[in-house]
Amino acid sequence: MIKLLKLQKAVLVLIAGVVSYILYLILDASEVSGARYLQILAGILVMVGALWMLYPILFAKKDDDGNAEIITDPTVEASVDEEEKKPVTE
């Protein structure tokens, strides 16, 4: 689903933010003077990653009925549920 919505980069930014915060905690425990900048970087990366995750929702195109249609990556094959494949025979 993440690849389908083109959110790989957002996930990587969030992971970089978490790693930066862990590095801050390690350097802060060692009382390194520049550790505060890693905390600032971690906060910025997490905020950017969270906003990037909202991108497909905020900029979704609406169809004639007013329903939002989220644009996905056309090169990725979407898996079809088993229930949708079977015809209804009642």
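Me: How should I read the numbers and values here?

Reply: This is a predicted model, in which local features need pLDDT of at least 70 and side-chain atom pairs count only at pLDDT 80 or more, while totals for chains, interfaces and linings use all residues. Residues are numbered from 1 along each chain as its sequence is written, and side-chain values use heavy atoms, with hydrogens and water left out.

Me: Which secondary structure elements does the protein chain have, and what counts as one?

Reply: Helices are DSSP runs of H or I with at least four residues, strands are DSSP runs of E with at least two, and both are numbered from the N terminus. By that rule the protein chain has three helices and two strands, and they follow the pattern α-α-β-β-α along the sequence. Of its 90 residues, 16% count as buried.

Me: How do you know that the length of H1 agrees with that of a helix?

Reply: The expected span of a helix is 1.5 Å times one less than its number of residues. Helix H1 (residues 8–29) has 22 residues and should therefore span 32 Å, and its end C-alpha atoms are 32 Å apart, which agrees. Helix H2 has 24 residues and reaches 35 Å from its first C-alpha to its last, close to the 34 Å expected.

Me: Which residues of H1 are buried, and why are they said to be on the same side?

Reply: The buried residues of H1 are Ala 10, Val 13, Gly 17, Ser 20 and Tyr 24. They cover an arc of only 75 degrees around the axis, which means that they are on the same side of H1; the arc is that of the directions from the helix axis to the C-beta atoms. An α-helix has 3.6 residues a turn, so residues three or four places apart point the same way. The face of H1 turned away from the buried side carries the exposed residues Leu 12 and Ala 29.

Me: What covers the buried residues of H1?

Reply: Their cover includes helix H2 (35–58), where contact means heavy atoms within 4.5 Å. The buried residues of H2 are Ala 35, Ala 42, Gly 49 and Pro 56, and these pack against H1. In H1, Leu 27 touches Val 32, Ala 35 and Leu 38, not counting residues up to four places away in sequence. Leu 27 has a relative accessible area of 29%, so Leu 27 counts as partly exposed.

Me: What makes a group of residues a nonpolar patch?

Reply: Patch residues have over 30% relative accessible area and no salt bridge; like charges are joined within 9 Å, and nonpolar side chains (Val, Leu, Ile, Met, Phe, Trp, Tyr) within 5 Å. A salt bridge is a side-chain nitrogen of Lys or Arg within 4 Å of a carboxyl oxygen of Asp or Glu. One nonpolar patch on the surface has residues including Tyr 37, Ile 40, Leu 54 and Phe 59, and the whole patch has about 1300 Å² of accessible area, a value from the Shrake-Rupley method with a 1.4 Å probe, where for residues only the protein chains shown count as cover. Leu 54 lies in helix H2, and at 39% relative accessibility Leu 54 counts as partly exposed.

Technical notes:
Buried means under 20% relative accessible area, exposed over 50%, partly exposed in between (1.4 Å probe, protein chains only).
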